Amino acid sequence: MNYTYFSPTGNGWRNLAADEYFLNTLGPDDFMLYFYINSNAVIIGQNQNAWRECNTQAMDRDGVQLVRRISGGGAVYHDEGNLNFSFIAGKARYDVHRQAEMILSAVRSFGIPCELSGRNDLTAAGRKFSGNAFCQRGGNMQHHGTLLVSADLSVMKNYLNVSADKLKSKGVKSVASRVCNLTEFCPELTVEKMAAAVTEACARTMGPMTPYVFTPEAEAEVDALYAKHSSWDWRMGRSPEFDFSVEGRFNWGGIQLGLSVTRGTVADVALYTDALDTALPAKAAAVLKGARFDPARIAQLLRLSGDSCLADIAGLVED
């Protein structure tokens, strides 16, 4: 069955709770196209350090929600001019390239030339209007992202602490200079028109779409996930003081690695990253926790892990 659902709320915690619910419960032969709009929120990746990525003081002052998603990737600002989409399907019906083409086809239907760029961006005239991230639960796969239709780009800088290294790696001077609204190319475009166009493109490819209807039992499951998404522990996480830390940026993402050391042994490991691989922090912890603390030994263990990203980090540890 092909389902579609447009969330009626602007609450980011509720919207991301529903997104996780669909990923957890969709049948192996089902396909979901889920739309939602978050009112004034900063959305961070699963493994990012909220204190580092966001100006939390300004967010509290202005009533901007901090929302942590279950997928990887970086921080983004959302308002009511930003349409969010989520494709969820079993492995047999999930195809990220086909899904990206549905979005591109919908955008092109308004006369806007666009393309897939880099690891997870959609661009128009060389500027980003959509970022994408991914997650897997059991046999279900999720591909979700943003569509900047008519967002207030001028306020992004108030809430996002974008590192100079990240901007340098993309060859731009500011976060505002590398993004654009689709209304720059099609002034009459609205989020409602964009959602309708994406739904039409999806139906042409996947077949007829059926509106999803929540049962009382499903609503209760979303309520439970909402409690998690709105909790301080999930949103803010922990940010302890570390005995040893390094940070850097690679072509696959940026990292901040922190190690707590007790009696010469690594007692705790925290890896903050905007990498799309959400398992990377767990991989680092599995390799390093309990190891003798010595930079050369830590670098060796990272290289022997068999993970190319951890091997890249080894170079930072040795510097």
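This is a predicted model: local features need pLDDT of at least 70, side-chain atom pairs count only at pLDDT 80 or more; totals for chains, interfaces and linings use all residues.
1. The protein has 12 helices and 14 strands. Its radius of gyration is 20 Å, which agrees with the value near 20 Å for a compact globule of 319 residues. Along the principal axes, the C-alpha atoms fill a box of roughly 60 × 45 × 40 Å. Of the 319 residues, 53% count as buried. The accessible surface comes to about 14,000 Å². Carbon and sulfur atoms account for 51% of that surface. Now take the contacts with a separation of 6 or more: residues 24 or more positions apart make up 69% of them.

2. As background, strands of a sheet pair through backbone hydrogen bonds, either parallel or antiparallel.

3. Is E6 enclosed or open to the outside? Of its 9 residues, 9 are buried, so E6 is largely enclosed by the rest of the structure. In a regular strand the side chains alternate between the two faces of the sheet. Both faces of E6 are covered. On one side sit Asn82, Asn84, Ser86, Ile88 and Gly90, all buried. On the other sit Leu83, Phe85, Phe87 and Ala89, also all buried. E6 pairs with E2 in the antiparallel sense over 6 bridges. Here Tyr34 stands opposite Ser86 of E6. With E10, E6 again pairs in the antiparallel sense, over 9 bridges. Ile88 stands opposite Gln142 of E10 in this pair.

4. Strand E9 (residues 127-137) pairs with strand E10 (residues 140-148) in the antiparallel sense, over 6 bridges. Arg137 stands opposite Asn140 in E10.

5. One of the pairings is Phe250 with Gly253, the latter in E13. The sheet is open, with the order E12-E13-E14 and antiparallel pairing. Strand E12 (244-250) and strand E14 (265-273) stand at the edges. Each has a single partner strand, so one side of each lacks a neighbour in the sheet. Neighbouring strands of this sheet are turned by 15° against each other on average, direction ignored. Helix H12 (residues 308-318) packs on the sheet and touches E12, E13 and E14. The direction of H12 makes about 130° with that of E12.

6. **Cysteines.** How many disulfides does the structure hold? The count is 0. A disulfide is a covalent bond between the sulfur atoms of two cysteines. The cut-off for counting one is a sulfur pair within 2.5 Å. For Cys135, the closest cysteine sulfur is in Cys309, 17 Å away, which is too far for a bond. Cys135 is buried, with a relative accessible area of 12%. For Cys180, the closest cysteine sulfur is that of Cys114, at 10.0 Å, again too far for a bond. Cys180 counts as buried too, at 0% relative accessibility.

7. **Pro281.** Where does this residue sit? Pro281 is in helix H10 (residues 280-288). It is buried, with a relative accessible area of 15%. Leaving aside neighbours within four places in sequence, Pro281 is in contact with Asn47, Leu271 and Thr273. Ala133 is 148 residues away from Pro281 along the chain. The C-alpha atoms of Pro281 and Ala133 are separated by 17 Å.

Note on methods: Residues are numbered from 1 along each chain as its sequence is written. Side-chain values use heavy atoms; hydrogens and water are left out. Two strands pair if DSSP finds at least two bridges between them. Helices (H or I, at least four residues) and strands (E, at least two) are DSSP runs, numbered from the N terminus. Buried means under 20% relative accessible area, exposed over 50%, partly exposed in between (1.4 Å probe, protein chains only). The radius of gyration is taken over C-alpha atoms; the globule rule is 2.2 Å times the number of residues to the power 0.38. Contact means heavy atoms within 4.5 Å. Accessible areas come from the Shrake-Rupley method with a 1.4 Å probe; for residues, only the protein chains shown count as cover. Axes are lines fitted to C-alpha atoms, for helices over the stretch in contact, and angles run from 0 to 180 degrees between N-to-C directions.
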